[in-house]
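Here is my note for someone meeting this model for the first time. Please read the points with the view open beside you.

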Amino acid sequence: MNTILYLGPEGTHSHEAALQHFGMNAKLVPCLSHYDVFERLCAPVTKIRPLAIVPVENSSEGPVTQTLDQLVVYPAVTIIDSFSIAVRHHLLVPPATKRLSDVQRVYSHPQALGQCRASLRAVLPHAELMPDSSTAAAARHAAQETGSAALASEAAAHINSLTILKRNLQDNTANTTRFFVIAAGRRQPRICKKPRESRSLIHLVIGNRPGALLHALAPFDAAGVNLTFIQSRPLPGRPWEYGFFIEAVTDWKSAAAEAAWQLVVALSETGRKIGTYPVI
């Protein structure tokens, strides 16, 4: 059985996602950060390599850039699956805190703070918002500091002996986060039966000239390959230069799609297929 790495500690939404996707009996290992997840995933091992789950995109706040950046740093990593979970953020406080007016500061991961921005402004207009490494770490802080609260999961409340002062503070009731299951090395992805249920993530580096991106992606348009996601990120060691993450609705089984990919690579400085996965 594979070990499953996730952004910890216990009680994060990544932990919740790992439990939902792999089950209660899975061997789950928390990591300190996105960087720690990728380092452990790609570390030399003699036994079965682990898998990892990483958040990639939230329906309210958009891409999780820490994940995208590490996919560039570690080119051996492959996406082998994808799934989404509904994300619910609750205001967690120590049992002695009974009123919203007692809350002076709110800890949480920056993504969670962003997903609850309007709701927090409405219920806690004067509270200081404190970014933390994870929602679970935020819950630990709230448990240790008088006047503090955390935006975190119900599981984090139980783990840290906190109470839920206010439920469901996410601004969007349909708040959803998409996760990738990743592996080090080329593993066979789980391909859906219907080709249009599969998507693929690629990374391109394109020369900095007028119309370069439009020109490089034109073969996908000609082949009828729909692109659902384009995100630029800085290139390591190359100030003010950017690579592009692009999600294409294809599993590359189509000869037209594969031919388009070959043309796209020829028109780019570099191109890499990161993985193919179902969209559920």
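Predicted model: local features only at pLDDT ≥ 70, side-chain atom pairs only at ≥ 80, totals over all residues.

1. Residues are numbered from 1 along each chain as its sequence is written, and side-chain values use heavy atoms, with hydrogens and water left out.

2. Helix α8 covers residues 212-223 and helix α9 residues 255-266, and the two pack at an angle of about 165° with their axes 8 Å apart. That makes α8 roughly antiparallel to α9, a word kept for angles over 145 degrees; axes are lines fitted to C-alpha atoms over the stretch in contact, and angles run from 0 to 180 degrees between N-to-C directions.

3. On the α8 side the contact (heavy atoms within 4.5 Å) is made by Ala216, Pro219, Phe220 and Ala223, which meet Ala256, Ala260, Trp261, Leu263 and Val264 in α9. These residues divide into 9 nonpolar, no polar and no charged; Ala, Val, Leu, Ile, Met, Phe, Trp, Tyr, Cys and Pro count as nonpolar, Asp, Glu, Lys and Arg as charged, and the others, Gly among them, as polar.

4. Helix α2 (residues 34-42) packs with helix α3 (residues 65-73) at an angle of about 30°, their axes lying 9 Å apart. That makes α2 roughly parallel to α3, the term for angles under 35 degrees. Here His34, Tyr35 and Phe38 in α2 meet Gln66, Thr67, Gln70 and Leu71 in α3, and the contact divides into 3 nonpolar, 4 polar and no charged residues.

5. Strand β14 (residues 238-248) pairs with strand β12 (residues 198-205) in the antiparallel sense over 6 bridges, pairing being counted if DSSP finds at least two bridges between two strands. Strand β13 (residues 227-235) also runs antiparallel to β14, joined by 8 bridges, and arginine 233 stands opposite glycine 243 in β14. β13 and β14 form a hairpin with 2 residues between them, and glycine 237 in the turn has a positive phi of about 75°.

6. Which residues of helix α1 (residues 13-22) are buried? They are His13, Ser14, His15, Ala17 and Ala18, where buried means under 20% relative accessible area (1.4 Å probe, protein chains only). Glycine 23, with a positive phi near 95°, follows α1.

Conventions: Helix = DSSP H or I, 4+ residues; strand = E, 2+ residues; numbered from the N terminus. Parallel < 35°, antiparallel > 145°, perpendicular 65-115°, else oblique. Buried < 20%, exposed > 50% of the residue type's maximum accessible area, 1.4 Å probe, protein only.
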